[in-house]
Amino acid sequence: MNYDILQQAARAMHLDILGAFHPEEDDPELSGFGTLVMLSPLEPNFWDHFTTQREFIDKVPNPVDQWSSRVVTALAAALGAQPYFPFTGPPYLPFYQWALKTGRCYPSPINLLVHDTAGLFVSFRGAIALPQKIDLPATGLSPCENCADKPCLSTCPVDAFASGVYDVGACRDVIGAQDPKSCLSRGCAARRSCPASSGYGRLEEQSSYHMRVFLENGP
């Protein structure tokens with residue numbers, strides 16, 4: 001087993017590896033495992049694939065989570081690994097902290113995770129823990145380091161991130177009313193403004209779907 005084989009197996013299921021790390025003693029949930037691999041939708045064109053899947057077509061509850069559970073579990077079984085998910089709980093697993101340990105995710109100026117290639121569009125559909133320790137590629141740099149303008153700080157129409165703590169209520173109010181920056185139809189304006197996000201290839205239809213679910217059901 002090596003990283004290239006893992007990447008090929010994940011991409012065959014329309015998933016991508018956005019980071020991995022070797023668990024240590026301060027990761028009690030991962031005791032006995034050698035490597036944790038964190039999985040995201042494979043972009044570009046993930047949404048084109050997902051909308052052909054039975055979870056979406058049959059309009060099952062929480063279709064993205066249901067698809068993720070099915071596909072990540074199947075991948076884990078094929079690799080002799082243990083699957084984990086960010087949406088099972090409470091209690092919820094520490095995906096934010098795990099992401100930071102990969103060396104490819106960082107706290108952004110608005111305190112959301114930012115990824116070295118996905119920018120503020122970083123998201124995780126699950127993770128798999130392998131018993132063996134595999135060699136991992138070199139980590140990247142935070143895209144915020146060379147971002148002089150930091151547009152994520154000034155793009156939100158209600159400054160929902162201004163206090164350092166995400167103001168969920170203000171965000172939902174504006175996208176449910178005037179929505180001056182088309183967050184509902186195009187996705188979060190702050191996330192879209194990130195220069196690293198712009199090259200990631202996520203379709204606006206996908207972001208809009210998640211924003212509609214957020215508006216209807218809350219975070």
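On a 1 Å grid over the protein atoms alone, a cavity is a set of points where a 1.4 Å probe fits but cannot get out, and its lining residues are those with an atom within 4 Å of a point. The largest cavity here is lined by Cys156, Pro157, Val158, Phe161, Cys171, Val174, Ile175, Cys183, Cys188, Ala189, Ala190 and Met211.

The model is a predicted one, in which local features need pLDDT of at least 70 and side-chain atom pairs count only at pLDDT 80 or more, while totals for chains, interfaces and linings use all residues. Residues are numbered from 1 along each chain as its sequence is written, and side-chain values use heavy atoms, with hydrogens and water left out.

The structure holds one cavity of 30 Å³ or more, and the volume of the largest cavity is about 70 Å³, a volume being the space filled by probe spheres set on the grid points, which are joined across faces, edges and corners. Helices (H or I, at least four residues) and strands (E, at least two) are DSSP runs, numbered from the N terminus. Helix H6 (168-175) and helix H8 (189-193) each supply at least two residues of the lining, and H6 gives the largest share, three residues.

A disulfide is a covalent bond between the sulfur atoms of two cysteines. Counted as a pair of cysteine sulfur atoms within 2.5 Å, disulfides number zero. The sulfur of cysteine 147 has its closest cysteine sulfur in cysteine 144, at 6.5 Å, which is too far for a bond; cysteine 194 is likewise in no disulfide, the nearest cysteine sulfur, that of cysteine 144, being 6.4 Å away.

The table gives relative accessible areas, where buried means under 20%, exposed over 50% and partly exposed in between (1.4 Å probe, protein chains only).

| Residue | Relative accessible area | Class |
|---|---|---|
| Threonine 102 | 4% | buried |
| Cysteine 147 | 16% | buried |
| Cysteine 194 | 8% | buried |
| Asparagine 111 | 41% | partly exposed |
| Aspartate 179 | 14% | buried |

Threonine 102 lies in the loop between helix H5 (95-101) and strand E4 (105-107). Leaving aside neighbours within four places in sequence, threonine 102 is in contact (heavy atoms within 4.5 Å) with Leu18, Gly19, Ala20, Phe21, Met38 and Thr139.

Two residues other than glycine have a positive phi: asparagine 111, near 70°, in the loop between E4 and strand E5 (113-115), and aspartate 179, near 50°, in the loop between H6 and helix H7 (183-186).

How values were computed
1 Å grid on protein atoms, 1.4 Å probe; cavity = no way out; pocket = protein on both sides within 12 Å on 5 of 7 lines; lining within 4 Å.
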